[in-house]
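Biologist: Before we discuss any labels, could you show me the model, so that I can ask what each word rests on?

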Amino acid sequence: MSKDRTAHARELMLISEVAHVVERSGLAMAGAMGGTFVAAQLGKIHVAMFDSIEFVAMSVLMGSVGFYLGIDIPRRAAFAARLRRVDVVELLSASGTFLAAAAALVSVYGIILDEVPRRAWELVIGSWWMGGVAMLATAGLLGRQRLAQKVAAISGAPARYPAPRG
């Protein structure tokens with residue numbers, strides 16, 4: 001009976017892990033799509049830097065990595081509440097998600113309605129996108145670093161990374 005429970009628990013864990021990877025991949029695709037829209041909108045202003053395939057690829061890649069890493073971060077809400085401090089990782093993730101999504105939304109609006117905002121606004125939209133996905137990636141990496149620290153402390157193994165600040 002014990003072997004059956006163990007096998008069943010492993011199957012459930014595998015299904016959960018596969019579902020998590022599928023979810024993360026979907027978010028990465030959403031980030032890539034947002035990056036594509038932002039790059040297409042910025043390409044309309046005919047600035048040489050934004051008209052390059054390298055910029056489009058970088059925007060898509062940053063969106064994909066940022067959304068994959070940054071939206072699903074290990075939480076430490078109880079610990080932060082006890083200390084009565086702002087959780088930097090949570091703040092970075094929330095802000096990054098908002099900025100990247102806002103840039104993608106404005107870009108889709110401009111593409112669909114064939115609107116070209118003034119150049120200054122295009123640069124603002126581009127900075128929202130770049131800043132947002134950078135915040136997401138940073139939050140995801142810091143959250144995972146925290147988790148590695150916790151696991152190292154529990155297992156008694158030496159930690160590979162220095163403890164994150166904040």
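Biologist: Why is Val47 called partly exposed?

Modeller: In this predicted model, Val47 has a relative accessible area of 22%. Buried would require under 20% and exposed over 50%, so Val47, at 22%, falls in between and is called partly exposed. Val47 is found in the loop between helix 1 and helix 2, and its C-alpha atom is separated by 9.2 Å from that of Arg119, although the two are 72 residues apart along the chain.

Biologist: What makes Leu141 exposed?

Modeller: The relative accessible area of Leu141 is 51%, and the label exposed applies to values over 50%, so Leu141 is counted as exposed. Leu141 has its place in helix 5, and between its C-alpha atom and that of Val89, 52 residues apart along the chain, the separation is 9.0 Å.

Biologist: Is Ala139 buried or exposed, and how do you know?

Modeller: Ala139 has a relative accessible area of 0%, and since buried means under 20%, Ala139 is buried.

Biologist: Which residues touch the most other members of the largest nonpolar core?

Modeller: They are Phe55, Phe67 and Trp129, in a core of 15 residues. The elements that give two or more residues to this core are helix 1 (2-43), helix 2 (53-70), helix 4 (88-112) and helix 5 (119-155), and helix 5 gives the most, with five residues. Phe67, not counting residues up to four places away in sequence, touches Arg24, Leu27, Gly31, Ala100, Trp129, Val133 and Leu136.

Biologist: What makes helix 4 roughly antiparallel to helix 5?

Modeller: Helix 4 and helix 5 pack at an angle of about 150 degrees, with their axes 7 Å apart. Angles over 145 degrees count as roughly antiparallel, so helix 4 is described as roughly antiparallel to helix 5. The crossing of helix 4 and helix 5 is left-handed, and the residues of their contact divide into 17 nonpolar, eight polar and one charged.

Biologist: How many helices and strands does the chain have?

Modeller: The chain has five helices and zero strands, and from the N terminus on its elements run α-α-α-α-α.

Biologist: What share of the contacts between residues at least 6 apart in sequence join residues at least 24 apart?

Modeller: Among those contacts in the chain, 77% join residues at least 24 apart.

Definitions and conventions: Residues are numbered from 1 along each chain as its sequence is written. This is a predicted model: local features need pLDDT of at least 70, side-chain atom pairs count only at pLDDT 80 or more; totals for chains, interfaces and linings use all residues. Side-chain values use heavy atoms; hydrogens and water are left out. A nonpolar core is a set of buried Ala, Val, Leu, Ile, Met, Phe, Trp, Tyr and Cys residues joined through side-chain atoms within 4.5 Å. Buried means under 20% relative accessible area, exposed over 50%, partly exposed in between (1.4 Å probe, protein chains only). Helices (H or I, at least four residues) and strands (E, at least two) are DSSP runs, numbered from the N terminus. Contact means heavy atoms within 4.5 Å. Axes are lines fitted to C-alpha atoms, for helices over the stretch in contact, and angles run from 0 to 180 degrees between N-to-C directions. Angles under 35 degrees count as roughly parallel, over 145 as roughly antiparallel, 65 to 115 as roughly perpendicular and the rest as oblique. A crossing is left-handed if the near helix is turned anticlockwise from the far one by less than a right angle, and right-handed if clockwise. Ala, Val, Leu, Ile, Met, Phe, Trp, Tyr, Cys and Pro count as nonpolar, Asp, Glu, Lys and Arg as charged, and the others, Gly among them, as polar.
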